[in-house]
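Visitor: Hey, can you walk me through this protein? I'm new to reading structures.
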Amino acid sequence: MRCNNDIKINKTFAFFKFNSKRSKKVMKYYGEEALGLVETRGMVPAIYALDVMCKSADVVLVSYENIGSGLVTVLVKGDVAAVRTAVERGAEAAASIGTLTAQNVMPRPVGRVGTIVSVHDIDTQ
């Protein structure tokens, strides 16, 4: 799922896997692109950060995780420059209305990171 509600399909790697049990498409991260993370205390700053991230750069929402104790992490992917811009602006936005606890950009994480990230992938229905 793209943040602008379009579906992006890479010609060499399928970003979607068909899950026959739920009949939904599921977003997957395979580690080929940069990965950006923004963690906040509370859902509202996280959603606001995600909104700003998607509007400020060409990034794709990979997943979000409600860790517990009020911590929420949103993950986006895209090219390195877009992810850097998105994370910087999203972090500023989150801090403006709530508590930003962490932010990080991984330019090209190892492939195994995709396995961890895809545990809470987004359904793209």
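Predicted model: local features only at pLDDT ≥ 70, side-chain atom pairs only at ≥ 80, totals over all residues.

Visitor: Is methionine 43 buried or exposed, or in between?
Guide: Methionine 43 counts as partly exposed, because its relative accessibility is 36%. Buried means under 20% relative accessible area, exposed means over 50%, and partly exposed is in between (1.4 Å probe, protein chains only).

Visitor: Okay, what about valine 72? Buried or exposed?
Guide: Valine 72 counts as buried, at 2% relative accessibility. It lies in strand β5.

Visitor: Which residues is valine 72 in contact with, leaving aside neighbours within four places in sequence?
Guide: Among them are Val38, Gly42, Ala46 and our friend Met43. Contact means heavy atoms within 4.5 Å.

Visitor: Switching topic: which residues have the most contacts inside the largest nonpolar core?
Guide: Those are Val38, Met53, Val59, Val74 and Val83, in a core of 18 residues. Such a core is a set of buried Ala, Val, Leu, Ile, Met, Phe, Trp, Tyr and Cys residues joined through side-chain atoms within 4.5 Å.

Visitor: And which element gives the most to this core?
Guide: That's α2, with five residues. There's also a second, separate core of six residues, including Leu37 and Val113.

Visitor: How many salt bridges are there?
Guide: The count comes to two, where a salt bridge is a side-chain nitrogen of Lys or Arg within 4 Å of a carboxyl oxygen of Asp or Glu. One joins the side chains of glutamate 33 and lysine 77 (3.9 Å, N to O). Glutamate 33 is in the loop between β2 and β3 while lysine 77 is in strand β5, so this pair ties together parts 44 residues apart in sequence.

Visitor: Are glutamate 33 and lysine 77 buried or exposed?
Guide: Both glutamate 33 and lysine 77 are buried.

Visitor: Where do lysine 55 and aspartate 51 lie?
Guide: Both lie in helix α1, four residues apart, which is about one turn of the helix. Lysine 55 counts as exposed at 67% relative accessibility, while aspartate 51 is partly exposed at 32%.

Key
Residues numbered from 1 in each chain as written. Heavy atoms only, no water. Helix = DSSP H or I, 4+ residues; strand = E, 2+ residues; numbered from the N terminus.
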